[in-house]
Amino acid sequence: MQRLLDAHDPYPGVVIDRCWNIVGANAAASALTAGLPEELLGPPANIYRLCLHPDGLAARTLNFGEWAGYLLHQLQRTIALTGDPALRALGEEVRAYPGVAVAAKPWGTPSDGASLLVPFVLDAGGGHRLSMFTTLTTFGTPLDVTLAELAVELFYPADVESARLLRGE
């Protein structure tokens, strides 16, 4: 899996478990979280905490309401599917972060007019805006039972400026 992540560089990529804890990352993903407080970086670093905590990426997310709504929808969906008490506790934790419950815009289904892809738009500093979309890949028939609990999340640039920025141009 690390080879997959490394091949995706210079675009960010992570391997996550079913609680969205990061179990592997490429250099580009690590660069996105550089400078964040140690308590958010884990172990284990968790996508929901990194993105929704006010000291995390939430402070740099330009479309926070839309992104938070998408993430909370994903979290609620996973809780409904698994009933996992750890996920339920995580959901309560992130909803209690300042501004999350208020800022999060409800995320519907595509038939409700919701977008199939929600961009993750960050202030990259220096007047630059980084816009990405993500894909999640799971392993349908893994030979190793531990792979069944993992997914690969790959980030792609959503526009030309973001592609150039990620490539260091």
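**A guided tour of the predicted model**

Begin by selecting Asn21: leaving aside its neighbours within four places in sequence, Asn21 is in contact (heavy atoms within 4.5 Å) with Val15, Ile16, Pro44, Ala45 and Asn46. This is a predicted model, in which local features need pLDDT of at least 70 and side-chain atom pairs count only at pLDDT 80 or more, whereas totals for chains, interfaces and linings use all residues. Residues are numbered from 1 along each chain as its sequence is written, and side-chain values use heavy atoms, with hydrogens and water left out.

Asn21 lies in the loop between strand S1 (13-16) and S2. Helices (H or I, at least four residues) and strands (E, at least two) are DSSP runs, numbered from the N terminus. Asn21 has a relative accessible area of 13% and is therefore buried; buried means under 20%, exposed over 50%, and partly exposed in between, with a 1.4 Å probe and protein chains only.

**The sheet**

Next, select the five strands, which form an open sheet in the order S2-S1-S5-S4-S3 with antiparallel pairing. Strand S2 (22-25) and strand S3 (120-125) are at the edges, each with a single partner strand, so one side of each has no neighbour in the sheet. Two strands pair if DSSP finds at least two bridges between them. Strands of a sheet pair through backbone hydrogen bonds, either parallel or antiparallel.

Now select S3 together with strand S4 (residues 128-138): five bridges join these antiparallel strands. Within this pair, Phe120 has Met132 in S4 as its bridge partner.

**Two helices**

Move on to helix H5 (residues 64-82) and helix H6 (residues 85-95), which pack at an angle of about 155 degrees with their axes 9 Å apart. Axes are lines fitted to C-alpha atoms, for helices over the stretch in contact, and angles run from 0 to 180 degrees between N-to-C directions. H5 and H6 are therefore roughly antiparallel to each other, a label for angles over 145 degrees; those under 35 count as roughly parallel, 65 to 115 as roughly perpendicular and the rest as oblique.

To display the contact, select Leu72, Leu75, Gln76, Thr78, Ile79 and Thr82 of H5 with Leu87, Arg88, Leu90, Gly91, Val94 and Arg95 of H6.

**A loop residue**

Finally, select Pro37, in the loop between helix H2 (27-32) and helix H3 (38-41). Pro37 counts as partly exposed because its relative accessibility is 21%.
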